[in-house]
Amino acid sequence: MDFGPYLMLATLEGAVTAAVLALTASGLALVFGVMRVVNVAHGEFFMLGAVLAWWVTSWFEGAAAFGFAFAILTVPLIVGALAALADVTVLKRLSYDPERTIVATIGILYILQQVTLMTYGPDARPVTPPFNTRLALPWVEMTETGLSLYWPWGLSITSYKLAVIAAATVILLALWIVMTRSKLGLMMRATEQDREMALAFGIPVERVYALVFGLGAGLAALAAVLIVPIQQAHYLMGGDPLLLSFIVVIIGGLGSLPGTVLAALLIGLSDGIISVFFSPTLAKILATLLVALVLVFRPQGLFGARRA
Amino acid sequence: MTKSKTIKPVSTQTTRRGALKTLALGGTAAATLPLWARYAGAQTAAPIKVGFQVHRTGIGAAYGRWYDRTTQAAAALINDQGGINGRPVEIVAEDDGTDPKRGAEVIEKFATQHNCDIGFGTLFSHVVIGSAPRAGELKLPYFVVSEGHHVASGMLNRYTLQPGITDVKSQVQAMAPFVASNLGKKVTMIFPDFAFGHDHRDFFTAAIEAQGGEVLEQIAIPPTETSFTKYFPKIPRDTEVIYHVMVGPAVLTFVKELGEFFGPQRPEIFGFIDSLEAVDIGSPGLEFLEGTYFWEGNPRYAQADQSPYDAFFREKVGVDSNGASVNDPKDVSTYAHMFGCWETLHIVKAGMEAAGYQTTADRAKLIEAVEAMTDLPHSNAHPQGAKVFNGKTHQVFGHQYISKVTDGKLLLVHTTSIEDTYYPDEVDYTTQPL
Amino acid sequence: MTADLRKIIGLHGAVLVILFAAQFFLPAYHHGNLARIMVLATYAMGYNLLFGYTGLLSLGHALFFAAGLYGMGLGMTQFGLGAGAAVVLGVVAGAGIGALIGALALRTEGVAFMIVTLMFAQAGYLIILYFGSYTRGDEGFVIQQADRLVAGLDLSDPTVRYFAALSIFYAAFVVLMWVLRSRFGHVLIAIRENEERAMMLGYDVQRYKWGAVVLSAGVSALAGAAYGVLFGYVGASFASVQYSIFPLLWVLLGGAGTMLGPLVGTIFMFYLIDLSSGVTTAYMLIAGIVLVCLTLFAPQGLMGELRNRFWRWLP
């Protein structure tokens with residue numbers, strides 16, 4: 001394939017990765033920003049989202065689009081409720097002590113993974129996309145008559161992948177509006193700034209925490225529902241999103257939402273594009289080292305403000 | 001390629017006589033022992049314990065479930081037929097989490113805690129390689145069902161054998177003549193960037209060059225990758241055949257995205273069914289596979305000329321003619337591999353009977369008896385096909401199957417000869433002490 | 001003070017004696033397990049020096065364990081070293097990588113330190129896969145029984161193996177005990193308790209932390225090298241994230257910042273998995289529930305709770 005179309009393909013694929021990553025990571029960033037809690041089980045909430053999406057859509061065999069719409073509405077709520085329950089029963093009792101919550105969420109990770117294995121089983125299962133048309137894409141080239149369009153071999157995307165990018169953008173905008181414009185967002189930001197002060201002003205901090213933890217998990221689940229028609233639901237699928245979300249949240253400046261989205265774009269796109277130039281595994285090694293070095297030499301993240 | 005001479009049949013006569021002699025010696029020795037010891041040596045009703053290392057959790061769990069079902073079915077059959085040397089077979093299953101560290105611990109548990117007679121049934125190569133040293137030290141006969149080249153490469157030890165499933169080296173090289181003469185000579189390979197993929201890369205590249213073909217490009221995909229489209233532009237345009245062997249849960253995505261990438265015009269595609277074990281060929285997104293070719297260890301769909309042995313095997317394990325569970329047509333089996341558990345357990349039975357196996361003290365005799373085996377005819381004990389066991393390399397050789405996806409089913413189009421799968425011996429385990 | 005010291009020596013001496021004596025009465029299975037546990041507990045002790053005593057939470061210690069494992073393994077297969085020299089090479093490799101990573105990662109702190117160590121370990125794991133022609137990638141390779149000889153002793157022999165594991169555990173235990181009672185150790189604990197205060201007292205905090213990382217990495221690498229040479233296998237799964245999380249779990253379970261915590265935690269976790277896997281295939285579920293319950297009801301770990309309730313003198 002020529003270089004131009006290749007780069008365009010890698011960029012489009014990177015954009016899909018970035019969209020899903022931005023949703024997942026903003027859930028993690030929200031939890032970390034407001035609660036100062038590192039949720040190691042975040043990837044498992046992502047996995048639960050995908051598995052539940054398979055389960056819900058399997059009720060609607062023959063009506064894939066309807067089943068999928070139903071899944072996208074219900075699954076994040078179920079996962080969010082489950083996470084809120086975990087917050088109230090476990091994390092709250094640990095007084096959100098950073099190290100203890102890490103261990104507790106590792107425990108939750110094992111529990112969710114094993115319960116899924118015991119009920120859903122070890123297979124990877126696909127979900128039918130509500131729509132999926134292959135769209136061949138044109139590219140320009142110079143001919144004697146000037147610029148002209150042609151259809152390079154292999155340069156294409158599917159309508160569903162485009163829809164994922166659009167949906168993620170809309171959801172992130174909605175989240176941004178909720179955080180900046182609504183009373184709920186105000187309460188979250190107040191809790192984030194100063195927990196004691198928020199309590200003094202009568203903000204139900206405990207309920208805000210449960211809500212934020214649920215919302216964070218719900219976002220991961222939502223991302224998973226969006227991606228599961230492209231990938232498949234599998235009980236071990238939570239590991240990679242967790243690792244990538246960590247990277248994104250750190251580079252994005254620990255809990256800042258716009259920073260997280262920017263970082264997701266950077267990571268998602270570079271993952272697609274770096275693999276154009278290097279052997280894929282080498283690309284992964286370089287990317288991983290790069291993230292580590294960014295952190296070392298710019299600990300506040302690439303987009304982070306100077307927060308204490 | 002005249003590789004047929006490379007495997008010399010082990011001189012069965014003498015070895016068998018040797019085994020008999022040892023047996024007779026043992027008998028005399030037993031007669032001179034005190035009474036209590038002789039009784040302990042001749043216990044008849046106690047079960048023969050087969051320590052079954054099963055991937056119940058971890059990345060191998062989808063395989064583990066079917067390995068378990070096949071093993072239980074084989075054990076039930078052997079017990080119905082009167083057990084081994086008049087003793088029932090008991091399967092002692094332990095999960096290894098598909099992890100080499102836990103695998104080695106499980107082997108220790110079999111040998112020293114459960115007092116198993118043998119260890120058996122491991123699939124994933126890294127678990128085999130992590131466990132085999134312990135099996136060798138504990139002198140626990142360790143029958144693996146892994147299709148890895150680790151046994152025949154000489155890396156392991158005299159107590160580790162693979163008599164029930166062929167290894168990746170022989171499988172891969174047997175594909176080259178078919179690919180070169182039917183599909184094309186310019187091949188692009190797509191494989192996972194770890195040892196299993198590297199085996200395919202090295203063995204197939206050599207084998208296709210021997211057929212006058214060439215590998216244009218080798219695309220190694222990092223483990224844990226979940227999206228693949230970005231790698232496909234590396235496929236050269238003049239590729240005639242794509243050879244793919246992806247494994248793991250992301251396989252469906254891989255195939256789907258390959259289809260979306262090529263759209264209506266695609267080169268010939270040849271894959272290893274490892275990609276789609278336990279996956280329904282009719283899954284959404286896999287329509288693209290129509291007309292492509294697969295290596296199959298054992299044809300998943302019952303073919304028109306199905307052997308009575310295959311029918312028997314399916315019935316006993318509970319698999320329908322589409323390779324799915326009879327109880328749940330959506331529960332697709334790992335049909336291309338799981339026969340290995342069945343056949344291996346029958347080898348163990350035959351070996352124990354030839355060795356007159358009585359107690360764990362006879363483990364060395366069991367190894368010698370299995371090493372003495374050569375021809376394994378197509379039968380209920382070997383439903384996948386006839387096989388030839390090489391006692392020196394501890395590896396079995398057999399027919400390989402190539403199927404074409406036709407109307408959403410896998411239709412057998414080619415069966416390789418056993419000779420196609422031979423390569424020169426890389427080790428002689430029989431020179432190692434027992 | 002002296003009474004406490006006597007208690008400390010009494011308790012720890014008793015544990016070391018029990019570990020020595022255990023080989024004479026344990027059944028074969030548990031005998032083998034204990035040898036394994038002592039090597040893994042050495043790994044946990046190395047981790048504990050950093051996490052429990054210096055207050056640095058690393059999520060990348062698998063890198064150091066694997067550096068020891070591969071330094072030893074490749075030393076034997078690629079450079080033809082004997083077992084003893086190969087183990088030394090493994091330890092040097094681990095400490096060297098520790099020195100490098102420490103110098104970089106210590107520019108960060110808190111969550112960023114966790115992630116940086118995690119990233120370096122992940123890169124290390126991928127590097128092992130990338131150089132598959134030497135390492136055999138995920139599949140790993142076997143250290144042949146014939147090569148596993150130190151001074152004519154066959155390390156695959158159960159008794160020899162037990163003694164080797166015991167010596168490694170003893171050595172790490174004594175060295176760490178000595179370090180912690182030295183000025184160096186006191187400064188580390190001061191850093192954990194209050195870094196700014198330690199800085200104001202004039203200590204070069206970064207250098208002390210760096211020293212702790214190198215020592216911790218070296219001990220972890222020793223455990224890795226020993227594990228490979230004693231059990232005959234070198235593989236990439238030991239470099240995966242899971243093996244970075246294990247020592248954290250063991251130390252937290254046993255009690256961070258206690259000398260016996262790593263051993264107690266390793267034994268506890270090992271038998272929790274071993275026993276529950278006999279009962280149910282969902283043993284990781286049980287492990288998960290136990291983890292959650294421990295953090296809820298025994299946040300200081302087993303030895304930590306003992307110290308809080310009964311033995312206030314426990315180091």
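# Exercises on a predicted three-chain model

In chain B, 11 residues of domain 1 touch 11 residues of domain 2, where being in contact means that the C-beta atoms, placed from the backbone, lie within 7 Å. The model is predicted, so local features need pLDDT of at least 70 and side-chain atom pairs count only at pLDDT 80 or more, while totals for chains, interfaces and linings use all residues. Residues are numbered from 1 along each chain as its sequence is written, and chains are lettered from A and ligands numbered from 1 in the order in which they are written.

**Exercise 1. Work out which elements and which classes of residue make up the side of domain 1 of chain B that touches domain 2 of chain B.**

Step 1: get the bounds. Domain 1 of chain B is 12-166 + 334-398, and domain 2 is 169-296; such bounds come from an automatic or database domain assignment. Their C-alpha centres lie 34 Å apart.

Step 2: find the elements. Helix 3 (61-80) and helix 10 (335-355) of chain B are the ones that give two or more residues to this side of domain 1. Helices (H or I, at least four residues) and strands (E, at least two) are DSSP runs, numbered from the N terminus.

Step 3: sort by class. You get six nonpolar, five polar and no charged residues on that side of domain 1. Here Ala, Val, Leu, Ile, Met, Phe, Trp, Tyr, Cys and Pro count as nonpolar, Asp, Glu, Lys and Arg as charged, and the others, Gly among them, as polar.

**Exercise 2. Describe the side that chain A turns to chain C, then the one it turns to chain B.**

Step 1: start with chain C. 31 residues of chain A are in contact with 30 of chain C. Helix 4 of chain A brings the largest share of chain A's side, 13 residues. By class, that side has 22 nonpolar, five polar and four charged residues.

Step 2: go on to chain B. Here 31 residues of chain A meet 30 residues of chain B. Helix 1 of chain A gives the largest share of chain A's side, five residues. This side splits into 14 nonpolar, 12 polar and five charged residues.

**Exercise 3. Explain why chain C counts as being as compact as a globular protein of its length.**

Step 1: look at the make-up. Chain C has 14 helices and four strands.

Step 2: check burial. In chain C, 57% of the 315 residues are buried. Buried means that 20 or more other C-beta atoms lie within 10 Å of a residue's own; exposed means 12 or fewer, and partly exposed is in between, with C-beta atoms placed from the backbone.

**Exercise 4. Is Gly62(A) buried or exposed, and where does it sit?**

Step 1: locate it. Gly62(A) belongs to the loop between helix 2 (42-57) and helix 3 (64-91) of chain A.

Step 2: count neighbours. Gly62(A) has 7 C-beta neighbours inside 10 Å, so it counts as exposed.

Step 3: From Gly62(A) to Val127(A) it's 65 residues in sequence, but 12 Å in space, C-alpha to C-alpha.

Technical notes:
The radius of gyration is taken over C-alpha atoms; the globule rule is 2.2 Å times the number of residues to the power 0.38. Two residues are in contact if their C-beta atoms, placed from the backbone, lie within 7 Å.
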